[in-house]
There are 2 protein chains.
Amino acid sequence: MRLFLIGFGTVGQSLITLLHQRADDLQARYGFAPSLVGVYTRSQGLLYAPDGLDLAQLQACAAHYAQYEGPHLHDFQPNVDRTLRDGGYDVLIEASATDLQTGQPATDRIERALTSRKHVVTVNKGPIALYYPRLRELAREHGVHLRYEGTVMAGTPSMALALEGLAAARIRGLRGILNGTTNYMLTQMEQESLSYEQALAQAQALGYAEADPTADVDGWDAAGKASILSAALFGVPRSPQAMSVSGIRHLSAADLAEARAQGRRYKLVVRLTPEGGQVQAEALPLSDPLAGVMGGLNAITLETDLLGEVTLIGSGAGGTSTATAILNDLLAIHRAV
Amino acid sequence: MRLFLIGFGTVGQSLITLLHQRADDLQARYGFAPSLVGVYTRSQGLLYAPDGLDLAQLQACAAHYAQYEGPHLHDFQPNVDRTLRDGGYDVLIEASATDLQTGQPATDRIERALTSRKHVVTVNKGPIALYYPRLRELAREHGVHLRYEGTVMAGTPSMALALEGLAAARIRGLRGILNGTTNYMLTQMEQESLSYEQALAQAQALGYAEADPTADVDGWDAAGKASILSAALFGVPRSPQAMSVSGIRHLSAADLAEARAQGRRYKLVVRLTPEGGQVQAEALPLSDPLAGVMGGLNAITLETDLLGEVTLIGSGAGGTSTATAILNDLLAIHRAV
């Protein structure tokens, strides 16, 4: 299996590390021996070697392709479209920065790969949140796989659970904690009596929150994940803008303490059914499984017709976690082809 | 896909109901249109129709094959071994009563099916708890699938999560609540201040506990599931007898109240690593995700190297839930072949 990676930030670099460290393990357990033939980033262009790039070297010179030694092509301004169409690879991995407004340029690239009969694994949310039905249809038409485990709950396999593990059941609705930054902040505000501003500063210092925290604290990141779940689980495309979305800016440590005194705990909760979705801060009773999900963890509770509620709790962010999602998707394709 | 079902108790009958009710849905969503060609039980013998049995009729006469109309063979004392070897079916479904001491006669039947190049789906725990390495090897050798989702946590897809969803990670250990009967009893003892005897009587009245509750309350059912997990996740066969196993008989409502006063809650907890396993009642801190798992629910927390802890909570028993596991396994085989 020859891999072509677009995007070489934290997730891409974690993936290279995983592929390198686990090569023997993946070969021994699954007979899986992928080779990475190409890496493309907007700033550095294309690094390509048809017989596979050296992963150890690549780890060492992630930000400086010019230092890569051994047989390779380095094209600073390549025609990526042509590479995607003609290039000698089997799976496109889309790990470039997401644009939840337009889904571009990733959506065009994914389409080009699918129509060239290449499998696609994306952790880039935009294309799935905005264009999933069209992309799924393209994948079907061309007989290839389109997987996107890492777009929701990072490496915690929420998609594999809902779409494969629970394939026999029908999912009627869900609720979830799908943004780790706000969950970390709410945990700190409650447990350490921090103000919203203090908790945000702490999250930013730890790298959980961006300098501009709007996407996290106003609920838009969670809403983007709700869009993906709506399309993937219910077949209903629904943009974040078409949902009722609010965040946690209005909450104080006093609000959280008051809720606790009443046996409740504030969480930024996504609720979704085929009919609609919302993201808002809710004071959940402590008996709700989601109320016990603390720190940067994420969780999803699926309401099924055959099994009642099924809840999955785990890591929801981070380079290694998201790279694990990519590797799980690659292994799923490996099993199926 | 032609199915042959052994065992026609609660689980088998629930499966027939599901296959019948969901026929259109399974066809529409997955292009999956299985036919049930045979049913065998020890008391009623074999009912067989090469073109498929009528599911509606079968639902109506589960306990009285003689009432089944339409083309079929009814053999009260068939040579099941020959049917398993020669019969026109693709997947054996083993849903007969389990024997955790010997794994028989189910293990022999599963071996016969695998060596005849038939896929196998079993919800019968004995063969997997006792003979998994040999059965897996037989399946590999003959190029067929062996699946057993329903042996642990019924329809909640713990096996699909650990073996497929988390394939890229290594699982270092786990802890879990894997017996719904005792979890229901402990919940009732704590919340309704019932004595052990009252809680047991209630569980028996509701059909959660058998007349002889030993397997549940002394930890052996949970230990059997730990054996399956040890073999499947760690490749280490370990019989229930080789683990440290105790139950909940010694607990009183007062013990539970005292634990609660200290911010703890008693659960019958399975702990398992490649090095060993144990089943015992533990007073978990309320911050442990397992402490919030109430009533008849089951849960498993997998300790992974790449993602930290991943927790799955859901239904752990019942005819429909276990039949859902069978159907999920059939769909996984359908996707793969």
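This is a predicted model: local features need pLDDT of at least 70, side-chain atom pairs count only at pLDDT 80 or more; totals for chains, interfaces and linings use all residues.

Reply: Strand β13 (residues 308-315) of chain A runs antiparallel to strand β13 (residues 308-315) of chain B, and 3 bridges join them. Two strands count as paired when DSSP finds at least two bridges between them. Strands are DSSP runs of E with at least two residues, helices are runs of H or I with at least four, and both are numbered from the N terminus.

Some ground rules. Residues are numbered from 1 along each chain as its sequence is written, while chains are lettered from A and ligands numbered from 1 in written order. Local features need pLDDT of at least 70, side-chain atom pairs count only at pLDDT 80 or more, and totals for chains, interfaces and linings use all residues; side-chain values use heavy atoms, without hydrogens or water.

Now widen the view. The β13 pair sits inside an open sheet of 12 strands with mixed pairing. The order is β9(A)-β11(A)-β10(A)-β8(A)-β12(A)-β13(A)-β13(B)-β12(B)-β8(B)-β10(B)-β11(B)-β9(B). At the edges stand β9 (244-245) of chain A and β9 (244-245) of chain B; each has a single partner strand, so one side of each lacks a neighbour in the sheet.

Follow the sheet within chain A. Strand β8 (residues 171-177) of chain A runs antiparallel to strand β10 (residues 264-273) of chain A, with 3 bridges between them. Here L174(A) stands opposite L272(A). β10(A) is also antiparallel to strand β11 (residues 276-285) of chain A, this time over 10 bridges. A hairpin of 2 residues links β10(A) to β11(A).

Next, the symmetry. A rotation of 180° with 0.0 Å of shift along its axis superposes chain B on chain A, at an RMSD of 0.0 Å. The two copies are therefore related as by a two-fold rotation axis. L312(B) has the C-alpha nearest the axis in chain B, at 2.3 Å.

The wider contact (heavy atoms within 4.5 Å) takes 35 residues from chain A and 35 residues from chain B. Of the interface residues of chain B, 100% are also interface residues in chain A, so the copies meet through the same surface. Together the chains bury about 2,900 Å², with 57% of it on carbon and sulfur atoms. That area is the accessible area (1.4 Å probe) lost on putting the two parts together, summed over both.

On the side of chain B that touches chain A, α2 (23-30), α7 (158-165), β13 and α13 (319-336) each supply at least two residues.

Notes:
Copies are superposed by least squares on the C-alpha atoms of residues with pLDDT of at least 70 in both.
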